[in-house]
Amino acid sequence: MESEFRDDRACFVCGEKNPIGLKLRLRTDAERGESSVEVTFRDDFQGWAKVVHGGLLATVLDEAMIYAAGAAGRMCVTGEITVRFIKPAATGVPYLLKGRFLEDKGRVVLAESELLGADGNQVARASGKLFKIPGEPPRP
């Protein structure tokens, strides 16, 4: 594994060069340290029939936190993530994914994210401790 991090645009969540990825285009707000995007999960991302696999929910929640930290000017990788699944997410249904930068604690950044249904209620949420790394934050 390389010791430096670089973006080759093949990220499973946001990379336009990943043929099987989600290709999410997260919007960022630098002033607020936030990220957001609408996401609809395909049927091939299910665990149980028509239910999005929990690992995929954790993946997009993680990405929202990384983008929120990037919006606040910090390039990071995840050191720890805690996910709370509130109710099942259905495939083929649009959700709003949101991330928020919370605090810079030196080497570690705190962030959180949530996945909201059309009714505005949380489907899942995460909190994370992110490690700062050298470089430019991800491009929206």
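Me: Does T40 count as buried, exposed or partly exposed, and at what relative accessibility?
Reply: Start with the cut-offs. Buried means under 20% relative accessible area, exposed over 50%, and partly exposed in between (1.4 Å probe, protein chains only). T40 counts as partly exposed, at 41% relative accessibility.

Me: What should I know about the model and its numbering?
Reply: This is a predicted model, where local features need pLDDT of at least 70, side-chain atom pairs count only at pLDDT 80 or more, and totals for chains, interfaces and linings use all residues. Residues are numbered from 1 along each chain as its sequence is written, and side-chain values use heavy atoms, leaving out hydrogens and water.

Me: Where is T40 placed, and which residues does T40 touch?
Reply: Helices (H or I, at least four residues) and strands (E, at least two) are DSSP runs, numbered from the N terminus. T40 sits in strand β2. Contact means heavy atoms within 4.5 Å. Leaving aside residues up to four places away in sequence, T40 touches G92, V93 and P94. The C-alpha atoms of T40 and Y95 are separated by 6.2 Å, with the two residues 55 apart along the chain.

Me: In what order do the strands form the sheet?
Reply: Strands of a sheet pair through backbone hydrogen bonds, either parallel or antiparallel. Two strands count as paired if DSSP finds at least two bridges between them. Here six strands form an open sheet, in the order β1-β2-β4-β5-β6-β3, with antiparallel pairing. Its edge strands are β1 (27-29) and β3 (76-85), each pairing on one side only.

Me: How many bridges join β3 to β6, and what is the bridge partner of I81?
Reply: Nine bridges join β3 to β6 (residues 122-132). I81 has G128 in β6 as its bridge partner.

Me: How many residues lie between the strands in the hairpin of β4 and β5?
Reply: Three residues lie between them, and G106 takes a positive phi near 100° in this hairpin. β4 and β5 pair over eight bridges. The hairpin of β5 and β6 has five residues between the strands, and there G120 takes a positive phi near 85°.

Me: How many disulfides does a search of the whole structure find?
Reply: A disulfide is a pair of cysteine sulfur atoms within 2.5 Å. The search finds zero.
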